[in-house]
Amino acid sequence: MNVLVVDDSSTMRKIIGLALGGAGHTYKEAENGRVGLAKAREDKFECIVLDVNMPEMNGIEFLRERSKDPALSKVPVIVLTTQDEEALKAEALGLGANSFLVKPFQKEVLAQTLASVVRS
Ligand SMILES: [Mg+2]
């Protein structure tokens with residue numbers, strides 16, 4: 001699959017990218033939600049892995065913009081954040097995110113989640 005990784009931490013993008021590459025996926029990177037939206041619209045992705053806390057446009061704002069875009073709202077989103085908070089999880093899922101994972105993550109869990117959100 002081709003996956004878009006949206007995270008402001010270049011280290012985290014590298015870690016996620018290694019996990020995706022190890023599972024046989026290709027990926028592209030975006031450093032915030034605004035750049036992520038632009039890249040998601042100009043390329044074809046099977047899934048988006050989305051951080052929450054980012055400058056310019058955070059993950060919640062990204063989800064809000066995505067929900068207004070019929071084409072983009074079909075692309076599954078896995079939220080991957082350090083913020084292990086029920087209220088945030090509920091908000092993200094309510095805005096259309098397909099799954100919510102907390103960092104640090106296990107690469108097997110990311111790969112399984114990816115497979116399941118793309119299937120459903
Ligand atoms: Mg961040």
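**Exercise 1. Which residues of helix H1 are exposed, and which are buried?**

Solution. Start on the open side: Ser10, Thr11, Leu18 and Gly22 of H1 are exposed.

Before going on, two notes. This is a predicted model: local features need pLDDT of at least 70, side-chain atom pairs count only at pLDDT 80 or more, and totals for chains, interfaces and linings use all residues. Residues are numbered from 1 along each chain as its sequence is written.

**Exercise 2. What do the buried residues of H1 pack against?**

Solution. Their partners are strands E1 (2-6), E2 (26-30) and E3 (47-50), plus helix H5 (107-119). Contact means C-beta atoms, placed from the backbone, within 7 Å. Helices (H or I, at least four residues) and strands (E, at least two) are DSSP runs, numbered from the N terminus.

**Exercise 3. In what order do the strands form the sheet, and which stand at the edges?**

Solution. First, the order: five strands make an open sheet, E2-E1-E3-E4-E5, with parallel pairing. Next, the edges: E2 and E5 (99-102) each have a single partner strand, so one side of each is left without a neighbour in the sheet. Strands count as paired if DSSP finds at least two bridges between them. Then the twist, which averages 20° from one strand to the next. Zooming in, four bridges join E4 (residues 77-81) to E5, and Val79 stands opposite Phe100 in E5.

H5 packs on the sheet too, touching E3, E4 and E5, and its direction makes about 175° with that of E5. Axes are lines fitted to C-alpha atoms, for helices over the stretch in contact, and angles run from 0 to 180 degrees between N-to-C directions.

**Exercise 4. What pattern does the protein chain follow along the sequence?**

Solution. Count the elements: five helices and five strands. Read in sequence order, they give β-α-β-α-β-α-β-α-β-α. As for overall extent, the C-alpha trace spans about 35 × 30 × 30 Å along its principal axes.

Notes: Buried ≥ 20, exposed ≤ 12 C-beta atoms within 10 Å, placed from the backbone. Contact = placed C-beta atoms within 7 Å.
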